[in-house]
Amino acid sequence: MSAEQLPIWTKDCVKGSLPKRGNDSHKGTYGTGLLLAGSDDMPGAALLAGIGAMRSGLGKLVIGTCGSAIPLILPVLPEATYWRDGAEKAASGEIAEPYRAIAIGPGLPPSQMTEQAVQSVLAKDCPVVLDAGALSKRSYHEREAPVVLTPHPGEFSKMTGLSIREIEANRAGYARDYAEEQGITLVLKGNETIVAFPDGECWRNVTGNGALAKGGTGDTLTGMLLGMLCCHENSREAVLNAVHLHGACADAWTKTRSAHALLAHELSDLLPTVWKAYEDGNK
């Protein structure tokens, strides 16, 4: 199956599935998300994912990150609350609060601690997003709630044992096969990102451009996925809308600015205007 044969998640699909924010709602209506991200060497990953999540509709965000990162992130994102050394505490099984969704991985090194934290997260009955350091070769068959994996081809190669050349030659086929075999949702990033679901449903995303070929844009996507999983009732629509709007922000950037110049946090800066244009299209 070639990628060109896949249906496209279009602008009209997004318009018809974005959640509406009721005037009588409150932060609890849209849920609390937990983000486990960032390390001493990569504190910015937690910030980029955190901003993406806060811009994407959730009610409240808890960022579990290393103590050294908190004073760096807090001045930029005071709206979040912070769980000091959250990944280490999660690895010890200390996730107590019920979360609407959890994301783990941006800025975390692949390690035994990270793997233990991932296993603790997977034991929770809520949607989970795994990215970056949380991606590994493992089985997800015991889990019922949605699991969303967000590898680029290099990470997918390590997960599957396939070469990058093999993956690029049949991205849609391998994405669908892996999603079905593992019972997960796979967001295989790249030019025209492929989104594959456990039942074989598979979509092609055509938003985005070369401006996204820069460090941190994947962290922003992870945050957007977390936020949209919290505020959407339908998890599939949440994933597809996050991927589409992430790319649409890059498209909005290149209408007036060079693709070379985008910084990852500017995707989140653009999201309110881009999202509003889709809402206005519903009227």
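## A walk through a predicted YjeF C-terminal domain model

In the UniProt record, an unreviewed entry, the annotation "domain: YjeF C-terminal" covers residues 10-278; such positions are given in the numbering used here, feature names are shortened, and annotations may be inferred rather than shown by experiment. The model is predicted, so local features need pLDDT of at least 70 and side-chain atom pairs count only at pLDDT 80 or more, while totals for chains, interfaces and linings use all residues. Residues are numbered from 1 along each chain as its sequence is written, and side-chain values use heavy atoms, with hydrogens and water left out.

Let us start with the annotated span. Residues 10-278 are 42% helix and 13% strand, and the end C-alpha atoms of the span lie 11 Å apart. Helices (H or I, at least four residues) and strands (E, at least two) are DSSP runs, numbered from the N terminus.

Now to the interior. A nonpolar core here is a set of buried Ala, Val, Leu, Ile, Met, Phe, Trp, Tyr and Cys residues joined through side-chain atoms within 4.5 Å. Buried means under 20% relative accessible area, exposed means over 50%, and partly exposed is in between (1.4 Å probe, protein chains only). The largest nonpolar core has 52 residues, and those with the most contacts inside it are Leu 35, Leu 61, Leu 226 and Leu 245. Two or more residues of this core come from each of helix H2 (43-54), strand S2 (60-65), strand S4 (101-104), helix H9 (217-231), helix H10 (235-254) and helix H11 (264-280). H10 gives the most, with 10 residues.

Leaving aside neighbours within four places in sequence, Leu 61 is in contact (heavy atoms within 4.5 Å) with Gly 33, Leu 35, Gly 50, Ala 53, Met 54, Ala 80, Thr 81 and Leu 226. Apart from this core lies another, of 40 residues, among them Ala 87, Leu 130, Phe 156 and Ile 167.

Next, follow the pair H9 and H10. Two packed helices are described by the angle between their axes and the distance between the axes. The axes of H9 and H10 come within 9 Å and cross at roughly 145°; axes are lines fitted to C-alpha atoms, for helices over the stretch in contact, and angles run from 0 to 180 degrees between N-to-C directions. On the H9 side, Thr 217, Thr 220, Leu 221, Met 224, Leu 225, Met 228 and Leu 229 take part, and they meet H10 residues including Ala 238, Ala 242, Leu 245 and His 246. The residues of this contact divide into 10 nonpolar, five polar and no charged, where Ala, Val, Leu, Ile, Met, Phe, Trp, Tyr, Cys and Pro count as nonpolar, Asp, Glu, Lys and Arg as charged, and the others, Gly among them, as polar.

Thr 220, in H9, counts as buried because its relative accessibility is 0%. Not counting residues up to four places away in sequence, Thr 220 touches Leu 48, Gly 52, His 246, Ala 264, Leu 267 and Ser 268.

In helix H5 (residues 112-122), Thr 114, Ala 117, Val 118, Ser 120, Val 121 and Leu 122 are buried, and what covers them includes strand S1 (32-36), H4, S4, S5 and S6. H6 has Pro 153, Glu 155, Phe 156, Ser 157 and Met 159 as its buried residues, and these pack against S6, H7, helix H8 (171-182) and strand S7 (185-188).

Just after H6, Gly 161 takes a positive phi of about 85°. This glycine lies in the loop between helix H6 (153-160) and helix H7 (164-169) and is exposed, with a relative accessible area of 65%.

Most residues other than glycine have a negative phi. Asp 85, not a glycine, has a positive phi of about 55°; its place is in the loop between strand S3 (81-84) and helix H4 (86-91), and it is partly exposed at 30% relative accessible area. Ala 132 has a positive phi too, near 50°, and is found in the loop between strand S5 (128-130) and strand S6 (147-149).

Finally, which residues does Arg 204 contact, leaving aside its neighbours within four places in sequence? They are Ala 3, Glu 4, Leu 6, Pro 7, Ile 8, Trp 9, Glu 192 and Thr 193. Arg 204 lies in strand S9 (residues 202-204) and counts as buried, at 11% relative accessibility.
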